[in-house]
Amino acid sequence: MKDLKHLKYFEDLLQEANNELVAQAKAEGKKCVAYVCENTPEPLLNLEGVFSARLRAPRTSSMEMATYYLTSFLCEYSRALLERAMEGGYNFADCLIAPDGCTMINRAAENMELLHTMDEGKPHFFYEHMEIPMKADDNGLNLYVLQCKNHILKPLHEKFGIDVSDAAIRKAVEEHNKICRLLRAMGEYRKLDNPTITGYEFAVFTLASYAAPKYLIMDKLEETLEELKTREPDEKNPFRVRVVFAGSELDDPDFVKLVETTGAYVCADRYCYGSFPGRDPIELTDDEDALTQICRQYMYRGQCPRYMDPPKMLGRRDYLDKLAKEYKADGIIYEQVKFCDPWAYERMIGSHVLHDDYGYQVLSIDRPYNASGVGQLRTRVQAFVESLEIKKIQGGAK
Amino acid sequence: MAKSKRIGTQNLGRFYTEGKVRNRREWRGLADTAYDYSRWLYNWFNMARIVLVKPRNIKAMFRYRWMGNYLAVPMMVDRHTQGLRGEHLRICHAEQDIIIEDVAKLLDKLFRADRRIGNDTEFNKKVVLIDENAMQSVMMGFPGIVPLSREIASTYIPVLLNQRAALHYIDIAQEYGLAGDVCPMPEAEAGLVIDDDAPIVGCCAIQCNTTCDGSLMGNGVVYKRLTEEGIPTHQLAVPLRHREDDVQEYAAQEIRNAIAFIEEHTGEKWDWAHYFECAKRVNFATRSRLEWMEMSKTDYPQVFGSNLALYTETNYMVVNGRIPLFNEADKKISALAQKAYKKKKLVANEYRHRAIVWGVQSHYYMDFLVWLLNCWGIIPLTDMLSMVSTKIIAEEDTPENREQAIYDIAWLTENMLMRNRTHGGYKVLLDELWEFVEEFNADMVILWEHMSCKALDGMHGQFEEKAREKGIHLVWVSHDLFDPRVISRQGVRDQINSYMRTVMREEPVDPSLEVLSDEESW
Amino acid sequence: MAKKMKKNLLKLLLKLVLIVVGFIGVTFVVYFYNLDMKLTSAMEPILTHFYDKVKRDQHL
């Protein structure tokens with residue numbers, strides 16, 4: 001296929017946490033709200049005057065300093081973030097909002113605070129740690145709303161004078177939805193039998209929407225969507241099978257590339273930093289305040305394994321089944337960043353349930369934070385692709 | 001530091017063998033040996049009376065792999081009474097013996113209810129299965145209900161009895177694809193369920209997100225099996241940032257929901273009179289603990305170490321004022337402690353260092369603190385698991401207090417032992433440690449590093465830096481909680497041995513304990 | 001008659017004392033030499049062998 005016009009630009013953009021668009025937004029006088037977990041409602045971090053940057057640590061190599069503080073038993077994501085913070089890689093941030101989504105990310109954020117990694121010389125800088133619900137129900141919703149008020153809206157207003165009114169939130173949701181709809185529309189092309197966008201390309205665009213100010217990438221995404229409408233696929237589909245890629249935090253699109261180079265097309269992305277459910281538009285009505293509606297939608301759609309009530313537990317496997325059906329997947333790859341407790345369990349249970357109860361072929365892998373030096377992983381994915389192919393040839397079930 | 005005349009037996013190491021058990025019991029002088037013997041006899045009698053005489057319990061002995069570990073109960077007592085004399089021996093027995101009786105009753109009830117064993121359907125209608133990691137404070141207003149935790153009986157206690165008790169279940173969980181780096185406690189519980197080795201009990205079940213991510217997620221495995229067994233299950237969510245005001249209403253509502261769930265499935269009604277009776281006993285236990293802590297701040301601490309930790313675990317977390325007998329034990333312990341305190345008695349031959357023991361203890365080596373004292377003269381003044389809530393809860397039955405009570409139950413649940421330190425932000429884990437160091441006049445911190453406990457690991461560097469800043473000796477003791485294959489008991493001891501020899505340049509008080517052949521020991 | 005009763009009573013008491021002393025003596029030997037634990041530790045492998053043979057519905 002012909003290269004997408006802006007792909008290279010976005011690839012380059014993702015090489016740095018402190019990318020040129022972050023710098024541009026800062027230069028325009030906006031404050032940067034850094035955050036570390038998908039359970040933080042994004043529109044609240046993108047009110048007029050602020051923009052969000054979900055922290056990541058591209059091109060991480062050594063994590064020695066962070067390993068001293070966190071030991072080698074914490075996941076590499078949390079260590080990579082702390083290492084980058086200690087190196088001064090997040091000095092662009094004006095505050096950090098960290099929910100206690102998991103213990104490891106909580107400890108990484110606390111160490112950032114204790115080590116004063118980002119607040120030097122910034123009198124208005126604040127670190128906020130917030131509680132988020134563990135069950136999707138009314139009580140959880142009340143908590144979510146209160147926590148967002150106390151740990152996001154209140155400090156943003158008090159420290160930076162941000163307008164946190166209902167009208168301002170609704171406006172932010174509108175902007176947020178524009179990006180979501182663009183990405184959803186682009187993602188639709190993944191449903192084609194011979195798709196006109198690769199899983200890798202889609203992962204790059206999606207990731208950029210987390211890592212860069214949204215309003216600054218809007219035009220390029222619009223242009224890319226236009227391009228996709230007429231993009232011609234290769235005559236022969238280079239992919240042999242289709243897979244849903246699901247699991248924990250993943251902010252390195254090279255993993256998707258690795259899977260695709262073995263002949264498996266990543267037709268759906270259900271991981272933190274992926275588009276499901278992170279790029280679902282937020283639908284607001286006028287009969288209730290926007291904050292409550294946002295929290296409700298975040299809570300009910302969330303696929304984070306920390307949700308412990310049965311509808312959420314069972315729903316996570318059901319969600320993958322629906323995705324696999326909608327995007328015509330032949331199999332599912334469950335991935336987990338090493339040392340992640342929540343996904344260690346979810347991967348074990350999910351991979352058994354989706355195989356035994358739903359009849360999918362499942363590959364279950366754990367992986368390092370970034371994709372360099374993962375030759376073994378390639379071999380495992382290759383073997384999985386072959387097994388899927390054999391099953392297809394033999395005309396077996398999914 | 002303080003020295004006394006010979007208190008304990010010298011050369012305690014000579015009792016160790018290379019096998020599972022010790023070569024003989026300790027001679028403690030006529031009176032104390034006779035006392036220890038009488039307690040040994042009493043414990044066997046109690047176990048026989050409560051458990052062994054009933055055929056159904058014998059049947060269970062041959063059904064459940066973990067039951068084999070209960071053969072080692074008397075040895076657990078021996079491990080904790082090592083070197084003790086006089087009042088301290090009696091305090092230890094007051095703590096240990098009541099726990100043994102309580103666990104024996106738990107086993108008996110479990111098998112009475114178990115569909116595979118006793119299958120007492122009427123009894124089962126009043127049994128609520130409780131997550132091991134849940135504080136049982138939510139049961140304080142249900143006198144007619146029998147809360148049972150099958151994980152306490154099948155994984156938690158067995159590892160105290162036999163260091164290798166959980167290995168089979170850990171291996172099973174990993175065979176099914178669970179990563180090997182998660183905490184082995186919920187991992188073993190998951191393995192137990194996968195291996196179909198958990199009694200099937202209860203008309204309903206309560207799960208809880210205490211203590212950690214692993215524990216929360218392990219519930220998913222257990223829930224799946226409970227659903228197959230037809231046991232309705234409720235998840236009690238407990239906020240992590242438990243010191244914050246803005247999570248208390250959430251926590252309280254979770255308690256209300258749990259109570260409603262229990263009422264619905266058992267047909268029992270919440271009984272306020274019973275609740276406040278229990279609350280009085282909870283407060284009595286709290287005051288007793290505080291009194292013991294005050295003694296530990298002086299030169300003559302009397303109630304401390306692994307016995308206190310085990311007793312607190314049971315009394316604070318499981319009993320919650322529901323069993324009056326524990327208040328009697330509190331009184332007895334206080335009286336003995338006061339008596340010894342007045343006489344300025346030491347628990348061991350020599351005190352060299354005053355230590356706060358922090359972090360999550362090695363479960364397969366719970367008596368390590370006894371060793372610490374006997375081998376190196378380090379007094380474990382208090383430990384993290386004993387530093388639980390000291391809040392006095394509402395105990396008079398008034399309309400206002402009925403509302404307050406829900407918040408009190410929530411507070412206790414949030415402050416389940418261990419999680420009250422591992423969750424709630426760095427202040428409760430890191431900052432408060434140094435406050436305790438000062439309060440207890442400690443010169444040393446023994447920091448258990450349970451390697452797969454991410455909440456503790458995540459503060460590793462901060463602990464070290466602060467200790468250096470404050471000039472406190474901080475000794476790391478790594479272990480893997482339930483799995484001695486990762487770090488053996490001698491591996492645990494060696495970390496202290498090398499610190500004491502190389503950094504402190506000291507010789508052990510009892511050199512026979514420095515290297516022990518207990519690799520194969522229960 | 002009374003003498004005989006007294007004698008019988010004494011005999012009974014003596015028996016009782018002997019039983020108690022015997023019980024204490026035996027159990028004390030068991031206690032002191034840790035024979036109870038030595039016995040149960042010998043039972044453990046037998047039980048483990050048995051546990052391995054119990055049929056179980058092992059699944060996730």
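Where is the place of C:Asn34? The residue sits in the loop between α1 (2–32) and α2 (35–53) of chain C; helices (H or I, at least four residues) and strands (E, at least two) are DSSP runs, numbered from the N terminus. This is a predicted model, in which local features need pLDDT of at least 70 and side-chain atom pairs count only at pLDDT 80 or more, while totals for chains, interfaces and linings use all residues. Residues are numbered from 1 along each chain as its sequence is written, and chains are lettered from A and ligands numbered from 1 in the order in which they are written.

View 1. α1(C) has 31 residues and spans 43 Å from its first C-alpha to its last, close to the 45 Å expected at 1.5 Å a residue; the expected span is 1.5 Å times one less than the number of residues. Of the 31 residues of α1(C), 1 is buried, so the helix lies largely in the open. A residue is buried if 20 or more other C-beta atoms, placed from the backbone, lie within 10 Å of its own, exposed if 12 or fewer, and partly exposed in between. C:Asn34 follows α1(C) and has a phi near 60°, which is positive in a residue other than glycine. C:Asn34 counts as buried, with 20 C-beta neighbours inside 10 Å.

**View 2. Helix α5(A).** Helix α5 (residues 103–114) of chain A has 12 residues and reaches 16 Å from first to last C-alpha, close to the 16 Å expected at 1.5 Å a residue. Because 11 of the 12 residues of α5(A) are buried, the helix is largely enclosed by the rest of the structure. The buried residues include A:Arg107, A:Glu110 and A:Glu113 as well as A:Met104, A:Ile105 and A:Met112. After α5(A) comes A:His116, with a positive phi near 50°.

**View 3. Two further backbone features of chain A.** Most residues other than glycine have a negative phi, and most peptide bonds are trans. A:Arg59 has a positive phi, near 60°, and lies in the loop between β2 (50–54) and α3 (64–70) of chain A. With 13 other C-beta atoms within 10 Å, A:Arg59 is partly exposed. The peptide bond from A:Phe276 to A:Pro277 is cis, with omega near 0°. A:Pro277 is found in the loop between β6 (264–271) and α11 (290–301) of chain A.

**View 4. Strand β7(A) and its partners.** All 7 of the 7 residues of strand β7 (residues 331–337) of chain A are buried. Both faces are covered, with A:Gly331, A:Ile333, A:Glu335 and A:Val337 on one side and A:Ile332, A:Tyr334 and A:Gln336 on the other. Strand β5 (residues 241–247) of chain A runs parallel to β7(A) and is joined to it by 5 bridges; two strands pair if DSSP finds at least two bridges between them. A:Phe245 has A:Ile333 as its bridge partner in β7(A). β7(A) also pairs with strand β8 (residues 361–367) of chain A, in the parallel sense over 7 bridges, and there A:Gly331 stands opposite A:Gln361.

**View 5. A:Val243 in the largest nonpolar core.** The core has 316 residues, of which A:Val243, A:Val244 and A:Ile332 touch the most other members. A nonpolar core is a set of buried Ala, Val, Leu, Ile, Met, Phe, Trp, Tyr and Cys residues joined through C-beta atoms within 7 Å. The largest share of this core, 14 residues, comes from helix α4 (residues 86–113) of chain B. Leaving aside neighbours within four places in sequence, the contacts of A:Val243 include A:Val259, A:Val266, A:Cys267, A:Asp330 and A:Ile332; residues are in contact if their C-beta atoms, placed from the backbone, lie within 7 Å.

**View 6. The open sheet of chain B.** Four strands are arranged in the order β6-β5-β7-β8 (chain B), with parallel pairing in an open sheet of 4 strands. β6 (378–383) and β8 (473–479) of chain B are the edge strands, each pairing on one side only. From one strand to the next the twist averages 30°. Strand β7 (residues 444–450) of chain B pairs with β8(B) over 7 bridges, and B:Val445 is opposite B:Leu474 in β8(B). Helix α14 (residues 368–376) of chain B packs on the sheet, touching β5 (353–358), β6 and β7 of chain B, and its direction makes about 155° with that of β6(B). Axes are lines fitted to C-alpha atoms, for helices over the stretch in contact, and angles run from 0 to 180 degrees between N-to-C directions.

Definitions and conventions
Two residues are in contact if their C-beta atoms, placed from the backbone, lie within 7 Å.
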